[in-house]
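I opened the model to check a few places by eye. My notes follow in the order I looked.

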There are 2 protein chains.
Amino acid sequence: MIVIKVGGSLGINYDAVCADLASIVKAGQKAILVHGGSAETNRISERLGKPPRMVTSVSGYESRYTDRETLEIFEMVYCGKMNKGIVERLQRHGVNAVGLSGLDGRIWEGIRKATITILEAGKKKVLRDDFTGKIEKVNLKLIHLLLNGGFTPVLTPPAISYDGEAMNVDGDRAAAMLASALKVEKLIILSNVPGLLREIQDERSLIPEIPFQRIEEFAGFAKGRMKKKVLGAVEAIREGVKEVVFADARTALPITEALAGKGTVIH
Amino acid sequence: MIVIKVGGSLGINYDAVCADLASIVKAGQKAILVHGGSAETNRISERLGKPPRMVTSVSGYESRYTDRETLEIFEMVYCGKMNKGIVERLQRHGVNAVGLSGLDGRIWEGIRKATITILEAGKKKVLRDDFTGKIEKVNLKLIHLLLNGGFTPVLTPPAISYDGEAMNVDGDRAAAMLASALKVEKLIILSNVPGLLREIQDERSLIPEIPFQRIEEFAGFAKGRMKKKVLGAVEAIREGVKEVVFADARTALPITEALAGKGTVIH
């Protein structure tokens with residue numbers, strides 16, 4: 001079984017990801033697709049007159065400040081437009097997909113952090129009423145039910161708090177948690193770059209391979225959104241996933257190429 | 001088992017519907033909730049600068065003209081905001097809900113009608129590129145899997161065409177098709193009116209009971225959106241559903257009251 005995460009940044013070829021996934025699933029491989037939707041959420045937020053607010057935590061991670069209105073826009077784009085668009089593509093390719101969020105069947109459960117301390121212009125600032133959180137528990141019952149029934153799950157944030165509130169969580173780390181809970185062989189993290197780069201502006205500076213014991217040396221190359229991908233990879237491998245691949249979602253066969261080792265392989 | 005449809009019109013008390021459903025499910029009743037989202041879709045469409053276009057078919061039924069952009073807005077609101085909002089409420093009440101569209105597991109499958117003939121200012125007009133359709137087949141495998149696994153399905157349009165395209169379908173008729181396929185005892189159709197009224201402006205003119213053999217006499221009282229509800233009820237009873245209740249979704253205990261016979265009971 002494999003878990004594939006496809007990001008939500010600009011340039012991602014969802015048609016190719018879905019066509020490629022369909023051929024892999026039809027060849028008998030069990031797979032779960034986890035997806036994002038950040039670029040489209042930004043676009044829709046702007047159009048709705050509620051521009052996105054990206055914040056950087058004191059520990060240096062970037063995230064979307066998610067008040068209740070933002071959470072609802074987030075759900076519209078991630079669970080509505082993106083999720084159903086992917087399910088539709090897979091169905092058209094003959095894959096019986098089922099689109100779900102972490103709320104459904106409480107798949108991704110954890111703790112809401114309503115207060116977030118951010119750095120703004122070098123100063124600490126406390127934001128309240130934030131609907132973000134951290135997944136602590138993956139409830140696999142629904143996932144197993146679907147896989148055993150011949151369905152292909154397509155998952156997206158939000159997750160659910162222990163109190164039953166929807167909460168925004170990072171998609172890469174959510175995929176890593178799922179891969180860990182399922183003890184899959186491979187976790188593939190697709191985005192709009194070829195993998196982890198030494199120089200962020202130079203796609204030829206791709207790091208092809210990282211032995212896990214040397215991950216600390218390489219983690220420093222990760223910038224922006226790549227930082228959470230590396231964090232997710234570390235968590236997944238620590239929990240028993242054999243291999244994590246960062247690969248390019250802009251190509252014609254993104255998953256097939258990642259399975260063949262193209263991208264950054266962490267093992 | 002019961003199927004409950006809750007509309008998407010203004011004034012509906014979703015908190016009450018979910019709290020009431022939770023108490024019924026926790027008492028051991030198996031239930032499936034089908035919901036709409038028309039008022040919210042209109043509001044979001046306006047805000048996105050793509051105002052809704054309601055059209056009336058030559059046979060007199062009102063529907064939303066659904067080009068591809070409208071379909072995506074429709075999915076954002078129905079499958080994103082509304083569906084996940086309902087799942088979240090149910091989870092908070094301790095019901096392990098799973099939100100799905102008719103695309104997921106191909107639950108609602110049918111034929112797309114890309115061309116629609118409408119009446120506009122008394123003249124016939126043909127509209128193309130419409131993503132609406134008619135459900136012909138209910139695929140119950142996923143529904144049974146969920147119900148047997150202890151999950152409560154929360155369903156919403158769109159449905160899926162035989163070719164794997166998302167298509168807008170009427171929620172009341174979709175609920176009726178589901179109720180028929182499952183041969184449930186009761187189908188409850190909740191909206192922002194107390195039931196079928198003799199005089200649309202006078203809520204005291206409620207028709208409390210309609211024996212099915214006299215439905216033709218009463219169908220004439222249905223105006224606007226109520227016409228499809230009556231059509232759905234007729235289809236459901238013809239296919240073996242014992243009782244259909246039209247009831248009020250603005251009260252504190254909408255489902256409990258409908259089960260007690262408040263509203264318009266067709267049997």
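I started with strand β7 (residues 116-120) of chain A, which pairs with β8(A) in the antiparallel sense over five bridges. Two strands count as paired if DSSP finds at least two bridges between them. The strands (E, at least two residues) and helices (H or I, at least four) are DSSP runs, numbered from the N terminus. This is a predicted model, so I kept to its limits: local features need pLDDT of at least 70, side-chain atom pairs count only at pLDDT 80 or more, and totals for chains, interfaces and linings use all residues. Residues are numbered from 1 along each chain as its sequence is written, while chains are lettered from A and ligands numbered from 1 in the order in which they are written.

I then read off facing residues. A:Glu120 sits opposite A:Lys123 in β8(A). A:Ile118 sits opposite A:Lys125 in β8(A). Two residues separate β7(A) and β8(A) in this hairpin, and A:Ala121 in the turn has a positive phi of about 50°.

How many of the five residues of β8(A) are buried? The number is zero, so β8(A) lies largely in the open. My cut-offs: buried is 20 or more other C-beta atoms within 10 Å of a residue's own, exposed is 12 or fewer, and partly exposed is in between, with C-beta atoms placed from the backbone.

**Sheet.** Next I traced the sheet. It is open, has four strands in the order β4-β3-β7-β8 (chain A), and pairs antiparallel. β4 (62-64) and β8 (123-127) of chain A stand at the edges with a single partner strand each, so one side of each has no neighbour in the sheet. From one strand to the next, the twist averages 50°. That angle is between N-to-C directions, on a scale from 0 to 180 degrees, with axes as lines fitted to C-alpha atoms.

**A:Arg112.** I looked up this charged side chain's setting. A:Arg112 lies in strand β6 (residues 108-113) of chain A. Is A:Arg112 buried or exposed? A:Arg112 is buried, because 20 other C-beta atoms lie within 10 Å. Beyond its neighbours within four places in sequence, A:Arg112 is in contact with A:Phe131, A:Gly133, A:Ser161, A:Glu165 and A:Met167. Contact means C-beta atoms, placed from the backbone, within 7 Å.

**Helix α7(A).** Helix α7 (residues 226-238) of chain A has 13 residues and reaches 18 Å from first to last C-alpha, close to the 18 Å expected at 1.5 Å a residue. The expected span is 1.5 Å times one less than the number of residues. Which residues of α7(A) are buried? They are A:Met226, A:Lys229, A:Val230, A:Gly232, A:Ala233, A:Ala236 and A:Ile237. These cover an arc of only 160° around the axis, which puts them on the same side of α7(A). The arc is that of the directions from the helix axis to the C-beta atoms. The buried residues of α7(A) pack against α5 (171-182), β13 (186-191), α6 (215-219), β15 (243-248) and β16 (264-266) of chain A. A:Gly240 follows α7(A), with a positive phi near 115°.

**Helix α2(A).** A:Gly49 follows α2(A), and its phi is positive, near 75°.

Most residues other than glycine have a negative phi, and most peptide bonds are trans. I listed some exceptions. A cis peptide bond joins A:Pro157 and A:Pro158, with omega about 10°. A:Pro158 is in the loop between β10 (152-156) and β11 (159-161) of chain A. In chain B, a cis bond joins B:Pro157 and B:Pro158, with omega about 10°. Phi of B:Lys183 is positive, near 50°. B:Lys183 is exposed, with 11 other C-beta atoms within 10 Å.

**Interface.** Last, I checked the contact between chains. It takes 33 residues from chain A and 33 residues from chain B. The largest share of chain A's side, 12 residues, comes from α3(A).

Terms used:
Contact = placed C-beta atoms within 7 Å.
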